[in-house]
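Good morning, and thank you for making time for this presentation.

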Amino acid sequence: MKWEQVKNWPWKRIAMGTAVLTSIVASTSFGTYAYFTSQVEDSSTFAAGKLEISLGETKARFQAADDQPFLPGVRFEKTLTVHNQSDVPVKYALLAEKEGGDDIVYDRLVVEVRRENEGGELLYHGRVSQLTLANVIIPELPKDASDDLHFSVYLPESTGNEVQQKSADVTFGFLATQQDNGHYFAQGGPVMTFTPQDLNGTKLVETLRMASKEAEKDSVTGLTFVLEEGSYDLSDMKLPEKVTWKAAPGKEGKVVVRADELQVSNAAFEGIRFEGSGTGLYVGSNVSFSGCTFDGQFDAAIRTMPDLSGEKTLEGLTVKDSTFAGAEAAILLDQTIKGAFIANNSFSGVQHAVVVANDRETEVQIVGNDFANVNKYAVDSGGVQVGDGIEGFKETSEENGDAKKLALHLFKADLYLEDNKYD
């Protein structure tokens, strides 16, 4: 369900106070998504349950300490209480939408939302304009329970004079569904949104430090970084774990990350374009790429992270629905790795698509990839090449009318190939 479908519902509005210099006139709304809930009365009668959330007050006012005017860097604070008055536990999402005013203010507004109090669990930190897609989910609010959500709204200190005497009207909203509706509000965990200006210099270091601190909390299953269109230089950095990096909706392929020896473990990337040279990304365990583009003069676009002790086994690399161009080796597996899955990718102008170059145990599934435009070898393992120049090579063989998956054991590497394209 889209926000456009929801905003015309009978929302309950709560008037906010205005500020002096550049103002935000905000109202708070709530709603429910009535995913059908029923219980059996007898063999032929069903009664629908009630799904309802409400706010704990009829008026709310965002205000800064000592009633300071709305200037860059000054935070306007408010704690809102969300009550679950339903018959069942619910999960709910945070939303925001521009109701009126000037884009120049709205596009710069930042909000931080924490659960319970100012120092509580981080739910969202980023642009108000990105809090519009039900992308911040509170996974459980029991029946008759309530949540205190602390909102802090501000303009970044870097905001210039162009916003003077401008204003923006914003609606903050809450949208709920019953907890077992698995297909609605699929994403959970804290969300942070960024522009290239937000991830630059000392701000980048502070953000990554904050993300690492949040990820260490036992209650946090993972953070989501939503990146706006533009270029981000993360070269030579070790990124925090338990973070999903994804392009803002509609900006897939337009979010460019400079990746020169970028180190990642326990992380995911969606819709990101990677550029650079040398080794692009060193990957540890549990790293996934989906819908990404790798375009640069890479020696290796993706390479397994070396283990100095020689004892660690990596696992859980997934590369799917992605595009590789211009690399010597697109995916280089030169360390022990189990459970690597390479599926539905296309390779163009690369010398070798998948290279297994180690003398240790390695398990790789290679399914549904397009190797037609690989310059040399689709799959290369220690001098044994598969998929190029082998007359009559096929991934499947007919045996008693049944197609068999081709499994190769090359230099301790188990490779499983199916439905790939070579010409």
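A word on the basis of the description. This is a predicted model, in which local features need pLDDT of at least 70 and side-chain atom pairs count only at pLDDT 80 or more, while totals for chains, interfaces and linings use all residues. Residues are numbered from 1 along each chain as its sequence is written, and side-chain values use heavy atoms, with hydrogens and water left out.

Let me begin with the strands. Helices (H or I, at least four residues) and strands (E, at least two) are DSSP runs, numbered from the N terminus. Two strands are said to pair if DSSP finds at least two bridges between them. Buried means under 20% relative accessible area, exposed over 50%, and partly exposed in between, with a 1.4 Å probe and protein chains only.

Consider strand β10, residues 146-154, where seven of the nine residues are buried. Strand β5, residues 76-84, runs antiparallel to β10 and is joined to β10 by eight bridges. Within that pairing, phenylalanine 76 has valine 153 of β10 as its bridge partner. Strand β7, residues 110-115, also pairs with β10 in the antiparallel sense, over six bridges. There, arginine 114 has histidine 150 of β10 as its bridge partner.

How many of the residues of β7 are buried? Six of its six residues are. Both faces of the strand are covered, with Val110, Glu112 and Arg114 on one side and Val111, Val113 and Arg115 on the other. Valine 113 has tyrosine 124 in β8 as its bridge partner.

I turn to another sheet. Seven strands form an open sheet with parallel pairing, in the order β14-β16-β19-β22-β26-β29-β32. Its edge strands are β14 (230-233) and β32 (370-373), each pairing on one side only. From one strand to the next, the twist averages 20°; axes here are lines fitted to C-alpha atoms, for helices over the stretch in contact, and angles run from 0 to 180 degrees between N-to-C directions. Strands β26 (residues 323-325) and β29 (residues 346-348) pair in the parallel sense over three bridges, and threonine 323 stands opposite serine 346 in β29.

Next, the aromatic rings. Rings of Phe, Tyr and Trp (its six-membered ring) pair if their centres lie within 6.5 Å; planes under 30 degrees apart count as stacked, over 60 as edge-to-face and the rest as tilted. By this rule there are twelve aromatic pairs. One of them, phenylalanine 194 with phenylalanine 225, is edge-to-face, at 5.0 Å centre to centre and 70° between the planes. This pair links distant parts of the chain, 31 residues apart: phenylalanine 194 lies in strand β12 (residues 191-194) and phenylalanine 225 in strand β13 (residues 223-227). Phenylalanine 194 and phenylalanine 225 are both buried.

Why does the pair of phenylalanine 269 and phenylalanine 289 count as stacked? The ring centres are 5.3 Å apart and the planes stand at 10°, so the pair is stacked. Phenylalanine 269 belongs to strand β18 (residues 267-270) and phenylalanine 289 to strand β21 (residues 287-290), 20 residues apart. Both of these residues are buried. One aromatic cluster includes Phe194, Phe225, Trp245, Phe269, Phe289 and Tyr422.

Now the largest pocket. On a 1 Å grid over the protein atoms alone, a pocket is an open set of points with protein on both sides within 12 Å along at least five of seven lines, where a 1.4 Å probe fits; lining residues have an atom within 4 Å of a point. Grid points are joined across faces, edges and corners, and a volume is the space filled by probe spheres set on the points.

The largest pocket holds about 330 Å³ of space. Of its 16 lining residues, Tyr154, Pro156, Glu157, Asp198 and Lys203 lie nearest its centre. β8 (121-127), β12 and α3 (202-215) each supply at least two lining residues, and β8 gives the largest share, three residues.

Finally, two residues. Histidine 125 is in strand β8 and, at 10% relative accessibility, counts as buried. Its C-alpha lies 4.4 Å from that of glutamate 112, 13 residues apart in sequence. Methionine 210, in helix α3, counts as partly exposed at 23% relative accessibility.
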